[in-house]
Amino acid sequence: MMSVWKRMAPFRQRELYYYDTNQEFETAELAARLYMMIREEMERSRKEKILLLCIGTDRSTGDSLGPLIGYQLRNRDLKHIQVLGTLNRPVHAMNLEDTLGLVEQYYQDHLVIAVDASVGMNDHIGCITLGRGSLKPGLGVSKELRSVGDLFITGIVSGCSSYDPVILQSIRLSVVMRMAECISESVCLVEKLWESMALV
């Protein structure tokens, strides 16, 4: 069944939104779209809570987006969004399978938003993508890992040809930090939207 799905996937129209942090970035725009997609997916899947799964490692600048976001959000005391994957406890290729086992065991009623760095077109470096469905961690460094997430957020840190882990280690930290801050602030806005809508 999985092999049939993989063959069909390229032909499906995928809902995908780009937000360019190199230009004037509106955090509220990403937050509003993310909030709407969360509500739609929670209604469709009948899940009641939210888990942000931040994937990556602090050992590579280009792959540190997820842990940086997790670190920033763990210090924001979120009440409605659980966070896994930080600088101190990263979720990466070596422990992803174990982490997904924990998610399946303890977070069954959570909508999973997977966050990871990605590669893309050279003129998209610095862009954030938001989409519906799962992402495939490790593709940028040619690793075969299980797909994860009901929704996904990625930050494009390098061009399509940059599959070499050595190149990912040379990505400028300022590019990664800018995207991490934009995503973190957007998630915090989603939290505030969630609280304000609960009062209506």
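Modeller: Let me begin with Leu34, which touches Ile113, Leu130, Leu151, Ile153, Val187 and Val190 when residues up to four places away in sequence are not counted; contact here means heavy atoms within 4.5 Å. This is a predicted model, in which local features need pLDDT of at least 70 and side-chain atom pairs count only at pLDDT 80 or more, while totals for chains, interfaces and linings use all residues. Residues are numbered from 1 along each chain as its sequence is written, and side-chain values use heavy atoms, with hydrogens and water left out.

Leu34 belongs to the largest nonpolar core, which has 40 residues, and is listed with Ile38, Leu52, Ile69 and Ile128 as having the most contacts inside it. A nonpolar core is a set of buried Ala, Val, Leu, Ile, Met, Phe, Trp, Tyr and Cys residues joined through side-chain atoms within 4.5 Å, where buried means under 20% relative accessible area, exposed over 50%, and partly exposed in between (1.4 Å probe, protein chains only). At least two residues of this core come from each of helix H2 (27-45), strand S2 (49-54), helix H3 (65-74), strand S3 (81-84), strand S4 (110-120), strand S5 (127-132), strand S6 (151-159) and helix H6 (173-198). These elements are DSSP runs numbered from the N terminus, with helices (H or I) of at least four residues and strands (E) of at least two. The most is given by H6, with 10 residues. Apart from this core lies another, of 14 residues, including Leu100, Ala114, Leu135 and Phe152.

Turning to the charged side chains, a search of the whole structure finds 9 salt bridges, each being a side-chain nitrogen of Lys or Arg within 4 Å of a carboxyl oxygen of Asp or Glu. In one of them, Lys49 pairs with Asp109, and their closest N and O atoms are 3.9 Å apart. Lys49 lies in strand S2 and Asp109 in the loop between helix H4 (96-106) and S4, so this pair ties together parts that are 60 residues apart in sequence. Both ends are partly exposed, Lys49 at 42% relative accessibility and Asp109 at 29%.

Most residues other than glycine have a negative phi. Asp77 counts as exposed, at 57% relative accessibility. Arg46, in the loop between H2 and S2, likewise has a positive phi, near 60 degrees, and counts as exposed at 72%.

A further salt bridge joins Glu104 to Arg146, with the closest N and O atoms 2.9 Å apart. Here helix H4 is linked to the loop between S5 and S6, across 42 residues. Finally, Glu15, Glu40, Glu41, Arg44 and Arg132 are linked in a network of salt bridges.
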